[in-house]
Amino acid sequence: MISRRQTLGLFAAAAATAILPAVRPARAAASEFRIGWQKNGVLALAKRRSALEKRLADRGITVSWSEFTSGPPLLEALGAGALDFGATGDVPPLFAQAAGGRLYYVGLYKGSPAASAIVVRKDSPIKTLEDLKGKKVAFKRGSSAHNVTVKVLRKAGLKPEDVEQVDLSPPDAAAAFKNGSIDAWSIWDPYLAIAEADPETRILTTAEGIVDSYSFFLANRDFTEANGQVIVDVIDELAKVGKSAQGNLEATVKELSEITGVPAEVTRVTLTRKGADLGSVATISDAAAAYQQSLADEFYGLGILPKKLTTGDIVWRPKAS
């Protein structure tokens with residue numbers, strides 16, 4: 001069983017590094033590639049293996065990394081020109097676009113819907129989705145967990161305003177969940193896998209059958225327009241890293257466990273969920289673009305987004321060689 005020390009260690013380490021790097025304008029001729037990452041998935045493995053450093057070395061480009069605990073602050077930095085590249089779930093790019101951030105969708109990764117869930121305490125009186133009405137539900141506003149919460153409530157015939165929404169980062173929500181100051185927590189892996197390893201935690205519902213699981217690679221617009229081939233190379237390299245990792249899951253479990261500090265048995269859960277495939281890295285598909293537009297329309301209709309968006313305006317597709 002994962003210890004409290006291990007759990008808090010991951011959260012504390014992530015929280016300590018989620019600091020915006022100094023804002024510097026993106027260079028026309030890139031000499032540095034600045035990446036925002038979270039402690040999971042293909043980017044974490046690429047960092048561990050120095051895969052992007054090796055791929056970009058011949059171009060004379062160095063790589064720097066800044067860690068974040070969720071997508072919204074990462075995309076704030078990216079849209080402002082403090083980063084060149086990063087990965088998030090489906091909702092953060094909508095808020096970043098609405099705020100005028102200069103960014104593009106440049107790639108995607110489709111994961112397991114079971115990697116996102118709403119959890120409650122084992123002894124919680126919340127037994128059905130309908131029981132969430134009037135309860136304190138925590139999630140990071142503007143994150144993919146926000147979308148999961150909205151969709152779960154809709155399935156139960158509820159609206160977002162039917163619950164008390166508590167905006168918390170994963171580390172803060174983990175602490176609030178443990179001390180009982182919130183009733184439910186909407187969260188993603190690896191935080192989900194850590195939480196469900198605790199016998200006092202119960203999964204109310206996963207996102208299976210409720211929400212498609214798209215994550216996106218985004219890049220600063222100015223950087224991309226000046227360095228399109230760098231973006232092409234990076235997406236290609238990440239796909240190679242993902243396929244290699246998927247082809248040797250036991251080694252990947254050990255590798256990711258060492259990166260995150262999460263025990264191997266918990267990491268194995270994240271990598272073997274139904275539909276999980278680290279190799280599913282690609283450029284933006286028509287289906288993913290349509291999904292984002294539908295999500296933007298829904299969030300605007302609910303009054304969550306402040307303006308109507310055309311997400312296709314910031315979908316970047318590489319030029320045919």
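**Close-up views of a predicted model**

**View 1. A salt bridge joins Glu-255 to Arg-49.** The nearest N and O atoms of Glu-255 and Arg-49 are 2.9 Å apart. This pair brings together distant parts of the chain: Glu-255 belongs to helix α11 (residues 249-260) and Arg-49 to helix α2 (residues 41-49), 206 residues apart. Arg-49 has a relative accessibility of 25%, so Arg-49 counts as partly exposed. Please keep in mind throughout that the model is predicted.

View 2. With a relative accessible area of 30%, Arg-268 is partly exposed.

**View 3. Arg-34 and Asp-84 meet through their side chains in a salt bridge.** The N to O distance is 2.7 Å. Because Arg-34 sits in strand β1 and Asp-84 in the loop between α4 and β3, this contact ties together parts that are 50 residues apart in sequence. Look for both partners in the interior, as Arg-34 and Asp-84 are both buried.

**View 4. A network of salt bridges links Arg-55, Arg-59, Asp-233, Asp-236, Glu-237 and Lys-240.** How many salt bridges does a search of the whole structure find? The search finds 19.

**View 5. Helix α4 packs its buried residues against several elements.** Helix α4 covers residues 71-79, and its buried residues are Gly-71, Leu-74, Leu-75, Ala-77, Leu-78 and Gly-79. Which elements do these buried residues pack against? They are the strands β1 (32-37), β3 (85-88), β4 (103-110) and β10 (214-220), together with helix α5 (92-98). Follow the chain just past α4 and you reach Gly-81, which takes a positive phi of about 90 degrees.

**View 6. Phe-33 and Phe-223 form a tilted aromatic pair.** A pair of aromatic rings is described by the distance of the centres and the angle of the planes. For Phe-33 and Phe-223 these are 5.4 Å centre to centre and 45 degrees between the planes. Ring pairs join Phe-33 and Phe-223 with Phe-85 and Phe-217 in a cluster. The count of aromatic pairs comes to nine.

**View 7. Tyr-214 and Phe-216 make a stacked aromatic pair.** Their ring centres are 5.9 Å apart, and 20 degrees separate the planes. Tyr-214 and Phe-216 are both buried.

**View 8. Two arginines sit over aromatic rings.** Arg-121 lies over the face of Phe-177, at 5.5 Å from the ring centre. Over the ring of Tyr-104 you will find the charged end of Arg-221, 5.0 Å from the centre of that ring.

Terms used
Residues numbered from 1 in each chain as written. Predicted model: local features only at pLDDT ≥ 70, side-chain atom pairs only at ≥ 80, totals over all residues. Heavy atoms only, no water. Buried < 20%, exposed > 50% of the residue type's maximum accessible area, 1.4 Å probe, protein only. Helix = DSSP H or I, 4+ residues; strand = E, 2+ residues; numbered from the N terminus. Contact = heavy atoms within 4.5 Å. Phe/Tyr/Trp six-rings, centres within 6.5 Å; stacked < 30°, edge-to-face > 60°. Lys NZ or Arg CZ within 6 Å of the ring centre and 35° of its normal. Salt bridge = Lys/Arg side-chain N within 4 Å of Asp/Glu carboxyl O.
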